[in-house]
There are 2 protein chains.
Amino acid sequence: MDLFVSKYFYKIDKKGRISLPSSFRNVLPKANRNEIILYKSIKSPSIEGCGVGRLKEIAKRINNLDFFSEDYDDFSTSIFSEIVTTNVDKEGRFLIPEELKSYAGIKTEAAFFGQGHFFQIWEPKQGLKNTEDSRRRLLKEKKSLRMMLTQQK
Amino acid sequence: MDLFVSKYFYKIDKKGRISLPSSFRNVLPKANRNEIILYKSIKSPSIEGCGVGRLKEIAKRINNLDFFSEDYDDFSTSIFSEIVTTNVDKEGRFLIPEELKSYAGIKTEAAFFGQGHFFQIWEPKQGLKNTEDSRRRLLKEKKSLRMMLTQQK
DNA sequence: TGGGATTATATGGGCGTCAATGGGTATATA
DNA sequence: TATATACCCATTGACGCCCATATAATCCCA
């Protein structure tokens with residue numbers, strides 16, 4: 001599977017390390033398995049992460065915004081300048097920078113949520129609440145969620 | 001046959017393994033026969049499953065949404081983080097994650113119901129009751145059922 | 001066509017490997 | 001030198017891989 005899926009709840013040890021879920025590590029290209037990028041989500045108090053290869057895709061998406069709009073600058077600044085790269089050690093662990101941890105309210109444990117081509121890291125309780133809220137919003141439009149899941153191509 | 005059909009009642013062993021019905025395994029493409037995806041059904045206390053190919057289609061659909069919209073996050077979260085992938089071993093068995101088992105009320109045995117392009121896993125009694133209920137609902141509108149079954153394309 | 005043989009399927013269990021986690025020590029950086 | 005981080009080794013429990021068996025289905029040949 002080459003997508004980030006499912007959710008995982010892991011601990012941060014005394015040294016500040018946390019395991020990147022094994023299934024997430026396998027999504028990263030064998031070449032760059034020891035490096036990921038992290039940045040603050042622009043839509044929620046969470047951290048988003050992905051392989052370095054995805055940077056190009058992010059750039060493309062931002063480029064598709066109207067260059068002269070205020071959004072362009074805002075997104076561009078908020079995302080690019082906030083990106084940090086982190087090394088994954090041989091055991092599959094990495095360090096979450098303090099600034100990102102406090103942005104997400106993370107202390108001693110964190111939850112990983114697969115999001116397809118990237119993943120999010122949340123303070124566990126907030127992360128769970130967020131999934132519930134998302135689902136509640138979508139269920140109001142039952143048809144669309146169902147379509148998304150069952151529609152045939 | 002390339003559709004999930006019929007129903008099967010199997011046991012979960014001490015290690016938590018359960019056989020994926022042989023006919024279901026044959027529906028999966030020979031390439032990805034050893035991996036399936038599972039997720040909570042939206043409308044019933046059951047688990048739905050299918051091959052990983054379907055997940056890729058879903059990913060494509062979500063990718064087409066506006067990346068910076070709130071809908072994007074809602075779909076992405078509700079789908080990717082709720083989906084789990086599971087490996088099917090050489091004997092055709094796999095593990096149902098605890099969270100999904102408890103969502104469906106499954107303990108030591110489970111029932112598989114073919115649903116065409118996907119399948120459902122139920123706690124046996126509830127699954128049977130559900131089929132009865134569905135059928136009863138359909139029969140109330142006998143006319144439309146008869147039409148459905150006899151109409152030629 | 002009948003009946004024995006072969007194959008497939010559902011299920012059980014042993015065992016090695018891997019994943020998540022902890023910690024000691026070396027190396028680097030400020 | 002002090003603090004942080006990379007590398008190495010260790011532990012525990014879960015999971016994958018392998019082998020085994022019994023029953024059911026299929027095949028094959030006389």
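I started with B:Glu98 and B:Lys101, whose side chains meet in a salt bridge at 3.3 Å, N to O. For me, a salt bridge is a side-chain nitrogen of Lys or Arg within 4 Å of a carboxyl oxygen of Asp or Glu. I was looking at a predicted model, where local features need pLDDT of at least 70, side-chain atom pairs count only at pLDDT 80 or more, and totals for chains, interfaces and linings use all residues. Residues are numbered from 1 along each chain, chains are lettered from A in the order written, and side-chain values use heavy atoms, without hydrogens and water.

Next I checked accessibility: buried is under 20% relative accessible area, exposed over 50%, partly exposed in between (1.4 Å probe, protein chains only). B:Glu98 is exposed at 55%, while B:Lys101 is buried at 9%.

Then I turned to B:Glu99. What does B:Glu99 form with A:Lys7? I found a salt bridge, with the closest N and O atoms 3.6 Å apart. B:Glu99 also meets B:Lys40 in a salt bridge of 2.9 Å, N to O. B:Glu99 is partly exposed at 39%, and B:Lys40 is buried at 18%.

Last, I looked at the two chains together. I counted 5 salt bridges between chain B and chain A, and 24 in the structure over all chains. The contact (heavy atoms within 4.5 Å) takes 36 residues from chain B and 40 from chain A. The chains bury about 3,700 Å² between them, 58% of it on carbon and sulfur atoms; buried area is the accessible area (1.4 Å probe) that two parts lose on being put together, summed over both.
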